[in-house]
Amino acid sequence: MKKSVLWGALTVAGLAAGAAAAGTIDDVKARGKLNCGVTTGLVGFAAPDSNGEWKGFDVALCRAVAAAVLGDGNAVEFVPTTGKTRFTALASGEVDVLARNTTWTFSRDVDLKFEFVGVNYYDGQGFMVPKALGVSSAKELDGATVCIQTGTTTELNLADFFRANNISYEPVPIETNAEAQQQYLAGACDVYTTDASGLAATRATFENPGDHVLLPEIISKEPLGPLVRHGDNEWADVVRWTLNALISAEEYGVTSANIDEMAAGTNNPEINRILGTEGTLGEMLGLDAQWAMRAIKVGGNYGEVFAQNIGESTPIGLARGLNAQWTDGGLLYSPPFR
Amino acid sequence: MSEQHAHDVAFVRTEFVPESPPPGVASGPVKWMRENLFASPANSVLTLLSIYAIYLILSPTLPWILNGVWTASSLSECREILNGTSGACFAVLTERWPQLLYGFKYPADEYWRPTLAFVLLFIAAAPVLFFDLPRKLLIFTGLYPFLAFWLIWGGTILTPLLALAGCVVGGLVYQRLVASNFAAGFFGGIVAALVVWTLGGVLIPEGASDNALLPAVPSRDLGGFMLNMMLGVTCVSLSLPIGIALALGRQSSMPLIKWICVVFIEFIRGVPLITLLFVASVMLSYFFPPESTVDLFLRVVIMITMFSSAYIAEVIRGGLAALPRGQYEAADSLGLDYAQAMRLIILPQALKISIPGIVNVAVGLFKDTTLVSVISMFDLVGMIRGPILASTEWNGVYWELLGFAAALFFVVCYGISQYSQWLERRLATDHR
């Protein structure tokens, strides 16, 4: 049965793939499961726990989308992807949405034919040094040895930064984060540089995290966000506005604790529109009225998701920083629900 | 002279002196050490240096291992227990034990299934590996692949039964036709099996797996060392016959067959395995529509099998080339046809010569199965690099996990190598 499908499929592959891409939202509903591409494991962002349950910041977004579309935050098939397989997995239709701390860049958006629907984490390249070095700014790092992953954009950013500030450094090329951790602890380099969230996660695993500091300079922009295939705007809208609903919920103080209370109706028309007691926003998206309410309920609003997975109370201990609401001096700014 | 002399002396011993043990320096451990460790000054210096080197290695590692923590729920808890002293955090192994062996998605209630399949593997492999065992056991070996498939993947029993039926029908057709012509038997058998599979595939109802005796487990949920074992065992056992066929095909006098085999072998050997794996996982999913892809496990098995069969073909070609020309001529002069000559005269000798090379490829292949971690399959190494090291509890535990993986692989690879040495001794018929 499978075989005949297979051979026939070979000839009409392009056609069928095109047809499948046209209505992802219907495909997901028919399948009853959301295929969500995540990392094979990144501390705090996506990893299965000892019971095999996926947990993490990116995972929470997958669950929110699944809850919005299918009504069940567990109706997600997590497809682990590596840095090398992630884009083909999305392009070939193996996953419906890729939530895999992927940097939004021009070429990925335009040339690879993807659509980034928003930013769920503003990252940037940072520096970590031992406290004993007595350095408080990256500009004081003249002549330092720097552990850096080869073949990444971090390498280029580093060269740019040091050249712009007219100071010298000696790179120590390393292959993986694990290797970097060992080299840095062994004193093979004075500084370790990679994405700030990665640095914080790495530092959290040290025996004495307090002996190491992250320098305040962030030398690159790494907006990480979920992405979908080009050409299916209805589906892109669903994912985009699910993310926006989580962000807006935090802005308006809707939490997983008080959402039932608020769903009864509030004085704030925006909250009412989000939670579906006023207006027909859900219908416009092709979903029912309670879509955003379910999305928020499954893991809480953006702030709750952040606090649970990577926030200051977790071992990773990331501060909100750029990822605070615009009202608190951050960059999170959801367009209005209207 | 001796008699007179005997009267002159005061004491003559009349009985033999009982044999006394050799002096301490010429026996036991001391002698062994003098001969082996301190035979010459240079030797002694080397011995002392080696002892020092061993001390340097063991003095930090032994306390680290012996002081290991076996029960803790996270790395930080481990460190609290150790309280600054040196010690391993083996708790990660105990806590994530099922994940290391079975992957993180295999249903926990069903762990007994792969375990049983693993135990049965030894029973199935025994008559193939040790040919002194009763030949009747081979029946179980023949049934084992279908049984193991059913145990590990679960679902409807009709699928493995149908596969078995196809193989049996193919075998019967082969036996019927092979008496007249080998090619007719061979291709007739394949066609018959394909017919059975296609017809049977239509008969298996959609959703037959829903309420099966053993719940179905999709390939994506397989993982851990189980995946390495499955890939290793399947690919080695498939690539050996394919490799033999390729080696013979390469020596064939028929240009078409010869060139197909040459191109296949040279192409596959010229491409890194990791490229083939990427083709299997990434490229093929472009060619198929999203709903009906070939199972990822199957794709990987095909790629690894192709890869290792090309290598095994070359190893066996070496064995064939090492046989004296007289063996081929002797087979011809006995009036044996090609299939008989190969089966009875050439291959038994050529394969015996090739054993070390084949084992070399098999061990390499088994270790290469860890490469599937780069195409996001969670084999043992993939589990360690991905989910376990990425969990907030265990991020930072490297030595314990990778050391454990190394130990597991060492046990299996050393076992294979010991078996091959036994086999070589067992098959040695020459007088050296």
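## Burial, and what kind of model this is

A residue counts as buried if 20 or more other C-beta atoms lie within 10 Å of its own, as exposed if 12 or fewer do, and as partly exposed in between. With that in hand, let's walk through the structure, which is a predicted model.

You will find Lys113(A) in the loop between α5 (106-110) and β6 (114-116) of chain A. Its backbone deserves a look too: although Lys113(A) is not a glycine, its phi is positive, about 65°. For background, most residues other than glycine have a negative phi.

## Two chains, two builds

Chain A contains 14 helices and 13 strands, while chain B has 18 helices and zero strands. For the 338 residues of chain A, a compact globule would have a radius of gyration near 20 Å, and the value of 22 Å for chain A agrees with that. The C-alpha trace of chain A spans about 60 × 60 × 40 Å along its principal axes.

Chain B reads otherwise. A compact globule of 432 residues would have a radius of gyration near 22 Å, but chain B comes out at 30 Å. Along its principal axes, the C-alpha trace of chain B spans about 110 × 75 × 40 Å.

In chain A, 46% of the 338 residues are buried; in chain B, 30% of the 432 residues are. Among contacts between residues at least 6 apart in sequence, 72% of those in chain A join residues at least 24 apart. For chain B, residues 24 or more positions apart account for 64% of the contacts with a separation of 6 or more.

In soluble globular proteins, nonpolar side chains tend to be buried together. Here the largest nonpolar core has 165 residues, and Cys62(A) and Val65(A) have the most contacts inside it. Helix α14 (residues 296-322) of chain B gives the most to this core, with 14 residues. Apart from this core lies another, of six residues, including Ala117(B), Trp150(B), Ile152(B) and Trp153(B).

Back in chain A, which residues does Val65(A) touch, not counting those up to four places away in sequence? They are Leu34(A), Val97(A), Val238(A), Val239(A) and Thr242(A). Val238(A) also turns up among the residues touched by Leu287(A), along with Ala68(A), Val69(A) and Gly282(A), again leaving out residues up to four places away. Leu287(A) sits in the loop between α12 (281-285) and α13 (291-299) of chain A.

## Where the chains meet

In the contact between the chains, 38 residues of chain A meet 33 residues of chain B. On the chain A side, the elements that give two or more residues are α1 (2-22), β2 (47-48), β4 (76-81) and α7 (177-185). The largest share, ten residues, comes from α1(A). Sorted by class, this side of chain A has 18 nonpolar, 14 polar and six charged residues.

Helix α8 of chain B (residues 138-153) has 16 residues, which at 1.5 Å a residue should span 22 Å; its end C-alpha atoms are 23 Å apart, so the two agree. Even so, α8(B) has a kink of about 45° at Tyr144(B), shortly before the proline Pro145(B). The buried residues of α8(B) are Ala148(B), Trp150(B), Leu151(B), Ile152(B) and Trp153(B). Covering them are elements that include α7 (112-129) and α9 (158-178) of chain B. After α8(B) comes Gly154(B), with a positive phi near 70°.

Asn83(B) is another residue with a positive phi, about 55°, although it is not a glycine. Asn83(B) lies in the loop between α4 (75-82) and α5 (91-95) of chain B. Because Asn83(B) has 7 C-beta neighbours inside 10 Å, it counts as exposed.

Definitions and conventions. Residues numbered from 1 in each chain as written. Chains lettered and ligands numbered in written order. Predicted model: local features only at pLDDT ≥ 70, side-chain atom pairs only at ≥ 80, totals over all residues. Helix = DSSP H or I, 4+ residues; strand = E, 2+ residues; numbered from the N terminus. Rg over C-alpha atoms; globule rule 2.2 N^0.38 Å. Contact = placed C-beta atoms within 7 Å. Expected span 1.5 Å × (residues − 1). Bend = angle between axes of the 7 residues up to and from the residue. Core = buried A, V, L, I, M, F, W, Y, C linked by C-beta atoms within 7 Å. Nonpolar A, V, L, I, M, F, W, Y, C, P; charged D, E, K, R; others polar.
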